[in-house]
Amino acid sequence: MIKFSASILAADLSDLKSEIKRVEPYIDEIHLDIMDGHFVPNLTFAYPILDAVKKCTKLPIDAHLMVTNPEFHVEKLVKLGVDRITIHVETTNHINKLISQIKENNIEAFVTLNPGTPLYSIEEVISDVDGILIMSVNPGFSGQKFIAKSLEKIKKLKEWKTKFGMDYMIAVDGGINEDNIQTVVNAGAEILIMGYGIFRNDNLENLSKTFRT
Ligand code: DX5
Ligand code: ZN
């Protein structure tokens, strides 16, 4: 099962509603990059934009929190009706607590890690989460180059999933495009988060037909 998740950071934000409608037939979910200018060197969307996106689509929404103190935001995101919250392991000393809090609200809890963060840093929560997001760029911006070393992490997650019968989803975010999508899928990715690959792609219909299942 391959899903396409559209990162609206790469959309034409002056016309967000039409942008979402344009790609909607070819995607499965919306990915909202919430950045605080502190954990990452960029500032992006917060609650009002989430509210606006919810008015444009019925698709599930994944809130990718790139903020220090993610614990300040979980309750509000739950209230606003996101379907998944993705937390960076680097941003909290209380990852276990946050995952429980998210799941208690019947929302999917994903954990994620930067390219420079080792996979063992999520070992203690791997059986608690609904999914793991492998960052294949250093978070902060759309349109960056895929870091090939991320493939090793994806492969390892897939291997563990089979070997130990785990049921987490494997998501990948950053630099995925027509040239590397097959390699990323072969490595084990199940949710492909794409900015440029979706919003700045003339071949989206074909790409979606080929890879979404
Ligand atoms: C990076 C963001 C990604 C990004 C993906 O910090 O988390 O979601 O918008 O965009 P592309 O696919 O263009 O790298
Ligand atoms: Zn993201």
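This is a predicted model: local features need pLDDT of at least 70, side-chain atom pairs count only at pLDDT 80 or more; totals for chains, interfaces and linings use all residues.
View 1. Strands (E, at least two residues) and helices (H or I, at least four) are DSSP runs numbered from the N terminus. In a regular strand the side chains alternate between the two faces of the sheet.

**View 2. The strands paired with β3.** Strand β2 (residues 29–35) pairs with β3 in the parallel sense over six bridges; pairing requires at least two DSSP bridges between two strands. Asp62 in β3 is the bridge partner of His31. Strand β4 (residues 84–88) also runs parallel to β3, joined by four bridges, and Ile87 in β4 is the bridge partner of Leu65.

**View 3. Two crossovers.** Helix α2 (residues 47–56) forms a right-handed β-α-β unit with β2 and β3. Helix α3 (residues 74–80) forms a right-handed unit with β3 and β4. Right-handed means that, with the strands pointing away from the viewer, the path from the first strand over the helix to the second runs clockwise.

**View 4. Charges over rings.** Arg84 lies over the face of Phe110, 4.2 Å from the ring centre. Arg200 lies over the face of Tyr196, at 4.2 Å from the ring centre. The rule requires NZ of Lys or CZ of Arg within 6 Å of the ring centre and within 35 degrees of the ring normal.

**Notes.** Residues are numbered from 1 along each chain as its sequence is written, and chains are lettered from A and ligands numbered from 1 in the order written. Local features need pLDDT of at least 70, side-chain atom pairs count only at pLDDT 80 or more, totals for chains, interfaces and linings use all residues, and side-chain values use heavy atoms, with hydrogens and water left out.
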